[in-house]
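Student: I have a new model open and would like to learn how to read it. Where do we start?

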Amino acid sequence: MVALGLVSGCGPREARYEAELLTQACSGTPALDGVNYLRFRVTGAGMEPVERYVPVDRGTAELPAVPSGPGRVLEVRGYTDLPRAGGRVVSVGRSHPFEVPESADASRPTVRVAVRRVDEYVRPGGAKAGCVALADPRAGHTATLLEDGRVLLVGGFQVDARGENATLASAELFDPVTGTLEQVPGLGSPRAFHTATRLPGGKVLLAGGEVKSVEGTLPVGNARVLDVAQGTSTEVALKAARSHHGAAVDAGGRVLLVGGVGAGGAVVSEAEGYDTSSGQVFSVSTPVPRVGMGVMPVQNGQRIAVVGGSDGTELRPEVLFFSYEGGSFVPVGEGARLREPRRDATLVSFGGPERLLYVGGHDSPDASGSLEDVLGVRFLPTSEVVSPGSASQVTAGPQVFARSDLCAVALPDGRVMTLGGLQSTASGPVSDAHVELLVPGKDGGPTALLGLMPLAQARHQHSCTVLEDGSVLVVGGLEDNGARRTTLGDVVIYTPVPLD
């Protein structure tokens with residue numbers, strides 16, 4: 001931990017603040033190793049960005065002065081030398097938004113910034129305490145970025161000593177600034193392969209899922225609304241029990257739930273919605289019999305896209321769009337069609353909010369059982385780009401490593417990272433450790449595909465979350481090498497090299 005000193009403003013609207021760098025980790029290169037200069041850059045509404053390069057040994061006294069006001073963000077970069085002298089960025093950190101008070105008598109805000117090495121997988125923790133790990137190793141869970149920058153990890157399953165799946169009811173909160181985990185009490189019933197949707201106001205809707213019992217694997221027919229700040233959990237009855245489904249929230253706080261697997265392994269056709277303002281579930285008249293599809297909001301939340309998947313009998317090429325009108329979600333527009341239908345691919349924004357990338361997946365329509373039971377399944381080394389404008393269209397995307405059930409995240413600068421998943425081998429599907437970075441071409445040019453350092457442990461059914469500072473949090477998952485299945489409990493953070 002490096003403490004940084006105070007700065008006082010020179011003008012009438014500039015004010016004092018304090019800052020603190022948190023650099024501790026239990027793996028990887030120390031964040032400030034080889035750093036000779038720090039760049040402090042502050043941005044915020046109603047102000048021009050201000051920045052200053054400071055020798056690392058004088059950083060405590062030379063933070064830039066900033067105007068008072070809310071929503072200030074401090075970014076810290078560690079350089080080997082000044083950029084004009086050929087220095088390169090080796091570490092990066094960015095704060096949660098903070099307010100700088102105008103009054104000189106007001107208490108000074110303390111800005112805490114976790115600084116991590118770029119292009120490395122870092123495990124939070126310390127040399128003495130060891131690496132941070134989940135209290136409950138988990139796969140098939142959800143990870144939700146909360147408004148305060150913490151990440152809520154909920155449910156999932158563990159593989160027990162007999163090789164059976166045991167469903168979890170536990171939840172944990174990860175703080176990426178301090179690198180600590182804490183358990184959240186009072187979650188309620190266990191569930192895995194559910195959806196978690198952050199609602200306006202910061203609450204989280206946990207919907208559906210499945211639970212392993214003496215009766216077999218049963219779909220869950222309820223949802224829970226979690227208020228982490230207040231420590232409350234409210235149950236909501238759903239119209240259909242479902243797991244492995246999709247969910248997305250629109251700009252008005254309405255959540256669309258579609259597809260999934262229901263009782264007896266049948267694909268659920270009934271769609272439904274949840275209204276945040278009323279706390280009520282409502283019917284959606286258009287059936288959407290899909291499993292293994294991608295669902296996400298588009299056009300600033302005015303529409304919700306449903307892409308790909310299977311109806312249990314055949315792969316569906318249609319790209320559907322829904323909008324909230326007349327008290328429910330209704331289909332809108334003349335959707336496009338995938339060039340290569342697929343399921344268990346991953347849908348993610350690509351190069352901005354007006355393009356979606358549907359990447360990877362496989363070509364088996366079977367909704368029951370596991371891929372190990374399906375003969376001749378083909379994992380797809382392709383992707384497709386969906387443009388959800390007024391004249392929606394689908395074009396070929398970049399070639400990728402053939403994987404299914406992969407994690408993909410959109411970085412703030414438009415790049416996409418894909419991590420882990422399932423790959424095909426002669427003896428059957430196994431967990432994968434590949435990581436790829438897709439960089440959109442400028443002005444519609446070709447996409448660049450970069451292979452990054454693989455994960456230390458292959459995994460699928462894990463979670464990947466872009467944190468407030470632009471780094472990527474990877475949690476848990478299942479490591480299956482074809483002979484043994486292991487539930488992972490690790491917490492790993494990767495910080496991409498900045499583009500600028």
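Tutor: Strands here are DSSP runs (E, at least two residues), numbered from the N terminus. This is a predicted model, where local features need pLDDT of at least 70, side-chain atom pairs count only at pLDDT 80 or more, and totals for chains, interfaces and linings use all residues. Residues are numbered from 1 along each chain as its sequence is written, and side-chain values use heavy atoms, leaving out hydrogens and water.

Student: How many bridges link β41 and β42, and in which sense do they pair?

Tutor: Two strands count as paired if DSSP finds at least two bridges between them. Here β41 (residues 428-439) and β42 are antiparallel, with 5 bridges.

Student: Which order do the strands of that open sheet follow?

Tutor: The 4 strands run β39-β40-β41-β42, with antiparallel pairing. At the edges, β39 (407-410) and β42 (448-452) each pair on one side only.

Student: And what is a nonpolar core?

Tutor: It's a set of buried Ala, Val, Leu, Ile, Met, Phe, Trp, Tyr and Cys residues joined through side-chain atoms within 4.5 Å. Buried means under 20% relative accessible area (1.4 Å probe, protein chains only). In the largest core, with 20 residues, F40, L74, V76, V111 and V113 touch the most other members. L452 turns up in a second, separate core of 19 residues, which also includes A458, V474 and Y494.

Student: What share of the 500 residues is buried?

Tutor: Buried residues account for 54%. As for secondary structure, the protein has 0 helices and 45 strands.

Terms used: Buried < 20%, exposed > 50% of the residue type's maximum accessible area, 1.4 Å probe, protein only.
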